[in-house]
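Here is a friendly briefing for anyone new to reading protein models. Take a moment with the picture below, then follow the topics one by one.

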Amino acid sequence: MGSVGSRARTMDVIKGEMPFEEEEEFVLGKSNNSTKNNKDVVGLVLVDILNGFCTVGSGNLAPTKPNKQIESMVKEAARLSKLFCEKKWPVFVFLDSHHPNKPEPPYPPHCLIGSGEEDLVPALKWLEKESNVTIKRKDCFDGFIGSMEKDGSNTFAKWVKAKEVKVILVVGICTDICVLDFVCSTLSARNIGMVPPLEDVVVYSQGCATFDLPMDIAQTVKGALPHPQESLHHIGLYMAKSRGAKIVKTVTLGSSK
Ligand SMILES: [Zn+2]
């Protein structure tokens, strides 16, 4: 099909003009995860892997048909979650959750509290019961901003401090929206000493996804911007990298000794 060919060419141009290096492998367990031994603690951060963004037919911003990039993101997030929970390593979960009378422009209503859209996808629902998991509901794109409490404290920064997290491994959706905003704010916060002892922000490319709204469909929706999935996934990772995040291609479990 012509449009498929033209999309592939667009991707070639974007990747050609905005290349970035991905580190091949991020090995957990090597440097990871014993505060007792003073080793570097890696915390897993899941961004918005909920029904309203990932489960087919689950609301205004959910995929309308099965989507490969989203499916493989969920699969990788579930794999890493299982691994972290088996080891009782720290996990922080952001869930986009909105009150019905408080819109989030420019998006249509989504993830309204009580709708079920605001809950973890079936493959991750079990995380709610895990003792090493901290869940933070937020009503804005940026999880760092969404973690600010009325008393001036920041729930995410508190978690980093309490668990002595030195590295966060970020997965979720959307690569170019909530994942990117959170990564950028966290890097700014790190640079001015707001999230000690955090040192590194690592984004797992295969563990992230964004949505697809091709031009021909966007043109039929009033006010919608086209949102080509592959291109914006790449650009999201590129922007994260340009702010100082590390982008990794694979995440594996090494020896914990
Ligand atoms: Zn939202």
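Helices (H or I, at least four residues) and strands (E, at least two) are DSSP runs, numbered from the N terminus.

Keep in mind that this is a predicted model: local features need pLDDT of at least 70, side-chain atom pairs count only at pLDDT 80 or more, and totals for chains, interfaces and linings use all residues. Residues are numbered from 1 along each chain as its sequence is written.

**Along H8 and at its ends**

- Buried residues of H8 include Leu-232, His-233, Leu-237 and Tyr-238; a residue is buried if 20 or more other C-beta atoms lie within 10 Å of its own, exposed if 12 or fewer, and partly exposed in between, with C-beta atoms placed from the backbone.
- Just after H8 comes Gly-244, with a positive phi of about 115°.
- Pro-228 sits in the loop between helix H7 (215-218) and helix H8 (229-243).
- Pro-228 is partly exposed, because 19 other C-beta atoms lie within 10 Å.
- Apart from neighbours within four places in sequence, Pro-228 is in contact with Arg-7 and Pro-214; contact means that the C-beta atoms of two residues, placed from the backbone, lie within 7 Å.
- Pro-214 is 14 residues from Pro-228 in sequence, and their C-alpha atoms are 5.3 Å apart in space.

**The sheet**

- Seven strands form an open sheet in the order E1-E7-E6-E5-E2-E3-E4, with parallel pairing; two strands pair if DSSP finds at least two bridges between them.
- Its edge strands are E1 (23-28) and E4, each pairing on one side only.
- On average, neighbouring strands of this sheet are turned by 35° against each other, direction ignored.
- E2 (residues 41-47) pairs with E3 in the parallel sense over four bridges, and Val-47 has Phe-94 in E3 as its bridge partner.

**Helices across the sheet**

- Helix H3 (residues 68-87) lies across E2, E3, E5, E6 and strand E7 (246-253), running at about 130° to E6; axes are lines fitted to C-alpha atoms, for helices over the stretch in contact, and angles run from 0 to 180 degrees between N-to-C directions.
- H6 lies across E2, E3, E5 and E6, at about 175° to E6.

**The nonpolar core**

- In soluble globular proteins, nonpolar side chains tend to be buried together.
- The largest nonpolar core here has 61 residues, and Leu-46, Leu-169 and Ile-173 are among those with the most contacts inside it; such a core is a set of buried Ala, Val, Leu, Ile, Met, Phe, Trp, Tyr and Cys residues joined through C-beta atoms within 7 Å.
- Beyond neighbours within four places in sequence, the contacts of Ile-173 include Val-47, Phe-53, Ile-70 and Val-179.

**Backbone details in the loops**

- The peptide bond from Pro-105 to Pro-106 is cis, with omega near 5°, and Pro-106 lies in the loop between E3 (91-96) and E4 (133-138).
- Pro-196 and Pro-197 are also joined by a cis peptide bond, with omega about 0°.
- Cys-111 is not a glycine, yet its phi is positive, at about 50°; Cys-111 counts as buried because it has 28 C-beta neighbours inside 10 Å.
- Glu-164, not a glycine either, has a positive phi of about 55°, and its 16 other C-beta atoms within 10 Å make Glu-164 partly exposed.
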